[in-house]
Amino acid sequence: MATGRGKAKMPPPGLDANELPGVIDSGDSDLDESRPQKANKREGHASPVGRERGPVTLSDLRALLHEQSQQLKDHQEKQIKAAITDLQKSTGAQIKAIQSDIHRHNDYIDQLRDQGERVEARLQALEAGGAGATTGGGGSGNETRKNLMIFGGWGPDTHRDTLLAELRELLGKINALQHFEDIFTTGPRRGNALGLVTQGQGETEGDLKRKMIKIAQAVREANLHSENMQSDKNLWASLSKSRVERLRSSHAGKLKRMLMEIDPTLRDHMDVEWNAGSLWLRGVLLGSATRSKPVGATIAEGKVPQVDERYTLVQFRDDLRQWRGNGILFDSDQFVCLRRKANHVGVWVRLRHVETQAEAWVGSARLSTGVTDDVTAEEVQELLSLRPSSPQLVVLMADFNTRMAWSRGGGSRGCFRPTSGRADNLLAEVEGKGLQLCPPDENQWDTPTSRPRRAGARGRQIDGAAIAGAPLPCISIEEKSYAHIGGDHDRISLKLDIAGRRGGPQTAHDQWQKAKLERASQRSWKDYRDLKQQQSGTTWAVHMSEEAFAAGKDPQQWTISHFRAIFTDTSCRELPEWGRGRPASNPFDMEELELAVQNGKKGKAVGMDLTSFELLKSLMQDDQTAKALLRWMEDIRQGRPIPPQWLQTIVTLLPKTPSPNGPGDLRPISLGSAVGKVYGTMLLRRTRAAIQPIGPEQCSHSGRQTADYVHTAIRSFQLDTEWRWGLHWVKLDILEFESWRRLLMPGTAVIRTPWGEQSIAQTRGIRQGAVESPWLFSLAMELALSAAQNHAEWPSTIGAAPDLCITDLLFMDDSLLWSGSQRDLKKKYDILSCTLAEWGLMVNPKKTAYYASPHATERGPLMLGKIEVRSRESLEVMGIALSVPLKPAGLMDAALAKARKKYFASRDMLECRTPLRYWGYKGHIARAAHRTQPPASSLIDGFRTYPWWRQQQRMTHGLRHPASFYPYLSNDELRLNRAAAREDWRQLAMDPQAWKQAEAEWIRREDIAWTTGRQLALTGEVHIPPNPYHPYALVGEGE
């Protein structure tokens, strides 16, 4: 075989150059793929390294396979570890859940075991038959701090800082302060404090108790007194007692009080052992909480109430937590008890009336005495949580052990006024569950229901009732009834028409329903369609059905006929023509359209065209669609016909009262097109900018607010209080151009009632619910009042105050007129009624409110047409009851009541555009007096000011007040003058920036001591200097 340097080696026979022995072709493309050549290789030349390494050997392949196997092994290990970790986590979570369930069940078992032990202890006590055995099962409720002492002598409202500082000072005088590790109170204002006595090392409980007794004796012997203590009180100290010890001592105390009421001279012949609850009289044991009765003594049975067999008594008493139980007595022939629930606070029963099947939850309760406010809140929560939430009638009558105070915040009906934290918690919890506290009649607002047996003690009204699911009734306090029942509380009662809630109305409604169903079964498709459209759950419709049945009318036709008469104009008058040509005006722009769409509220019901503001807001996101919508609005403004769907409305009915007596007690709400509302909003904004107020009376114009209306009304009562003019007030109840002309064209109203729906033509009136409705209505009222004031016989002045230039007031359709005599007031009413009739509006004299000042010489009823209207005890304006004399306390009660119960109903007043803080508002009305048309609030605020009064005092023949009075108005202006550092605060109010800066001085002077510094959250940027300044004495009573 020839060899040479330039010749290639030949492979052995039977072996190809590309194959290796022992290697199987795997068909793997990755292995068969040739390695890429390096960039520095040139075609046809081998690298030196390649020449040195030679061909791939079997060991190289084995190394490669080993490397790949190791990589696969590592990857699989990572996956297995991750899977095991996830499995451990899920398993651990399940184990934790099982453990929590086990712990929870263990808690349940412990609670059951505790309950079993308490039941066993009670059984043992009953078997033992001794009074002392019953007091042994105290449980955790009997535990107390062994080193706790109680100190007292201060008034119940003493501040914590003052009380603790004085207590430490007094204890230091007798060298007792060093024995206490802590002294504290349980609240910010208390009449007593608690102290923890230090227990030294090796000191037994007996030694600790002897040390505490020595401290109490030292306090008693020292007769210590501090500056803020009550005048007849000294510092006293006592050892803390467990609940059982307190019960025993109260038992002895009750026996002692009973004997003292019988004969006060027995005081020196009694011996009392408080810890055992025992009392001796002249050496004879009269009673004990721990000892058995003496030999030969007899126990007289107490009075057992005799209950008629027809009555059923449901009662409950927790022996461990109550010494007096609760019960409910009902007539078994009239009611059936369906369910009972009770706890240590009270008892609930669910009763069903046998005849009408009406159901009601009735509760009886008694809250604990001598506990903190948070405990009272917890008791009320526990009591109310027992009753399942349901729409049924709920009646709760209870001994709240809380002073029940009432005010006129809700008008003539009393409104609960919390006077303590306990009462505030009670009201919050009761209202949170949908219940309302029932007030007594006004002549019983201060009538007590508790009758203490202690001589000289005064009772308070601490019992009351709360209801839900029915109109709020008044409770009656049966005075001196405690003497008949042998207790220390008077009975309270209330009357509810439970049987009438489902009796007669349901029968009438069922008869009407049956008749309609029979007509529907006879292929009366209208009745069949109406039956499908009837609303469910409209309880007011049941009452309306009974009223229609009693009057012999069909409820649907009665309702439709009523609103057809309101919506249809029988005079066939045409809408007025413009007749002045079409002046040049700017077209609608995109900003006006976007603002109108954004002002639309979401979640509102749609009209006949099924358009909503949600749809319009989505369409406005596309520029081309928004431009097309703007062009359409402008074309309609220029004369293009309005779509007929805009003039079709769906009228739904809402009851004005829970039980409407007829269609007149229903309020129609129109559901119109959302696109039509956008067009009306754009047109309304331009119209409002062009039309300015024609007088100060209407308070709903731009730049005016609800506060102007309320302020003017209040000031009229304040002026009559101070000057004794004897005014008469009457509050009226109103029954309700080219582009505007087409928008107000006759349309169709689809009236939906609980008995079906029907379409009627709407040719009169503004569609209620439309965006233009409130403003056009207020404009009509203002024009009507202006026309009436221009009448030759309109009484424009008051004889006692000819310089008062405002005697009429409007806010939307709320009309308030006042005058110096009934004759002038009646003349105003007649002229205004005639003027309103020209606008298609009517005055309802039956709902007109009239109030006469106690200084008025005419005291009889006011004759309005043929209706006799009697003077009320107060006149309600925006939920505030006004009367003469008007005192700030009454306004404060009304404000607190509205802030608590009617916030959302009064958001227009509480969240108006101008801040309602007094300082800011006074500056606003002072500056508004210089407008072209000042509001009513500015005119009446500038009437008989303090500078005017000072000038009258300097004049020999100046005006004088007719009698003594308290100068609320003068003092008010004096405070403003001092804070503004001006002779007349109105001078500074002309500069808004300077007036804002002076607000800090106003708050510094007038801020209440216990709220000092808290006003920062209200003022924002205002800085309050420290150390409040005490103002000089204000003006005293007038001459």
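The largest nonpolar core has 33 residues, and Trp729, Leu804 and Leu816 touch the most other members. Such a core is a set of buried Ala, Val, Leu, Ile, Met, Phe, Trp, Tyr and Cys residues joined through side-chain atoms within 4.5 Å. Buried means under 20% relative accessible area, exposed over 50%, and partly exposed in between (1.4 Å probe, protein chains only). Among the elements that each supply at least two residues of this core are α19 (706-723), β29 (814-819) and α27 (946-954). Helix α19 gives the most, with seven residues. Helices (H or I, at least four residues) and strands (E, at least two) are DSSP runs, numbered from the N terminus.

This is a predicted model: local features need pLDDT of at least 70, side-chain atom pairs count only at pLDDT 80 or more, and totals for chains, interfaces and linings use all residues. Residues are numbered from 1 along each chain as its sequence is written, and side-chain values use heavy atoms, without hydrogens and water.

Now look at Leu816. Leaving aside neighbours within four places in sequence, Leu816 is in contact (heavy atoms within 4.5 Å) with residues including Tyr709, Ala713, Trp729 and Val877. In soluble globular proteins, nonpolar side chains tend to be buried together.

A second, separate core has 25 residues, including Ala365, Leu386, Leu426 and Val430.

Step back to the whole chain. It has 1039 residues, and 38% of them count as buried. The protein chain holds 32 helices and 35 strands.

Finally, find Leu329. This residue lies in strand β11 (residues 326-331). Leu329 is partly exposed, with a relative accessible area of 48%.
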